[in-house]
Amino acid sequence: MMHWLNMGGYWPFVWPSYLITLFALALNIYLARRSLAAAKSEARRRAQTQRSET
Amino acid sequence: MNWIWFHRLGSPPHFFRIAGKMVPWFAWLAGIAAVTGLVGGLGLAPPDYQQGEGYRIIFVHVPAAVLSTLAYAVMASAAGVGLIWRMNVAHAVAASCAAVGAWFTLVALATGSLWGRPMWGTYWEWDPRLTSELVLLFLYLGYMGLRGAIDDTARADRASAVLALVGVINLPIIHYSVDWWNSLHQGHTLLKFGKASMPPSMLVPLLLMMLAFTLYFAAILLVRARGEVLRRERNARWISEAIGERP
């Protein structure tokens, strides 16, 4: 296991690459979901306002 | 040729519904491809005879770099469609590509830099491939900046579409930079003289990771585009039904 984690001595370059990628992919999922949730929430608020006005 | 599917995709309620159904499929398939690709790339593929274990960075670097240009191509195509056919959904798709594409570019630059340190002895070099990839990042940032600077959505769509289309010139420069100029960057990773440049034990995990990144991009793009469509169509009657609210 330690041999694999060491990556032949290249671990300071290999693992940060994977961590940066994982972070960016996870952040994009969060940002996309938050953006859609905000748009849905705004649309619901508008629909409720329209319903209360009629 | 039957173009009805194309015109139907231009309908915001149709796009919103179809995109919502496709996202889970893309997301699950991306997850499966990523797990199998990572097992193959980090566990099963043998070390490279020159670069040792350090070459394993390519399993995230190459997909990120490919997707950085693919996202731009999708963005420019959608912007072109929006500009020519005045299709609002196409502009929403183009606007949704930019942030994801910029992140892919940043990841490609960062992981490439981490690969360059042990292989070239430097994190950065003003090499044609690296420089043109950096220009791509600036194009994404410029596109987003331009959109953000214009309040009127229709004007922002038109102006940013022109910028996206002009920036397409950078895509062949990125791709062929390793052929056109003396480059420190290695040649084409997948194909060399029409043949695969690596054995199947390395190529298959790499292709799986590229598939995973492509499906991930499709899923994120559709989620973002759904939000963008909702914001653009905020006064339309179909919205209440689509989000489960009675008008």
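**A helix pair in chain B**

I began with helix α5 (residues 128–149) of chain B and helix α6 (residues 153–167) of chain B, whose axes come within 9 Å and cross at roughly 170 degrees. Axes here are lines fitted to C-alpha atoms, for helices over the stretch in contact, with angles from 0 to 180 degrees between N-to-C directions. α5(B) and α6(B) are therefore roughly antiparallel (over 145 degrees).

Before going on, I noted that this is a predicted model, where local features need pLDDT of at least 70, side-chain atom pairs count only at pLDDT 80 or more, and totals for chains, interfaces and linings use all residues. Residues are numbered from 1 along each chain as its sequence is written, and chains are lettered from A in the order in which they are written.

Next I listed who meets whom (contact: C-beta atoms, placed from the backbone, within 7 Å). Leu139(B), Gly142(B) and Tyr143(B) are among the α5(B) residues that meet α6(B), whose residues there include Ser160(B) and Ala164(B).

**One alanine**

I then checked Ala79(B), which sits in helix α3 of chain B. Is it buried or exposed? Ala79(B) is buried (20 or more other C-beta atoms within 10 Å), because it has 28 such neighbours. Its contacts, leaving out residues up to four places away in sequence, include Ser160(B), Ala164(B) and Leu165(B).

**Chain A meets chain B**

Last, I looked at the contact of the two chains, which takes 33 residues from chain B and 26 residues from chain A. On the chain B side, α4(B) gives the most, with ten residues.

Technical notes. Helix = DSSP H or I, 4+ residues; strand = E, 2+ residues; numbered from the N terminus. Buried ≥ 20, exposed ≤ 12 C-beta atoms within 10 Å, placed from the backbone. Parallel < 35°, antiparallel > 145°, perpendicular 65-115°, else oblique.
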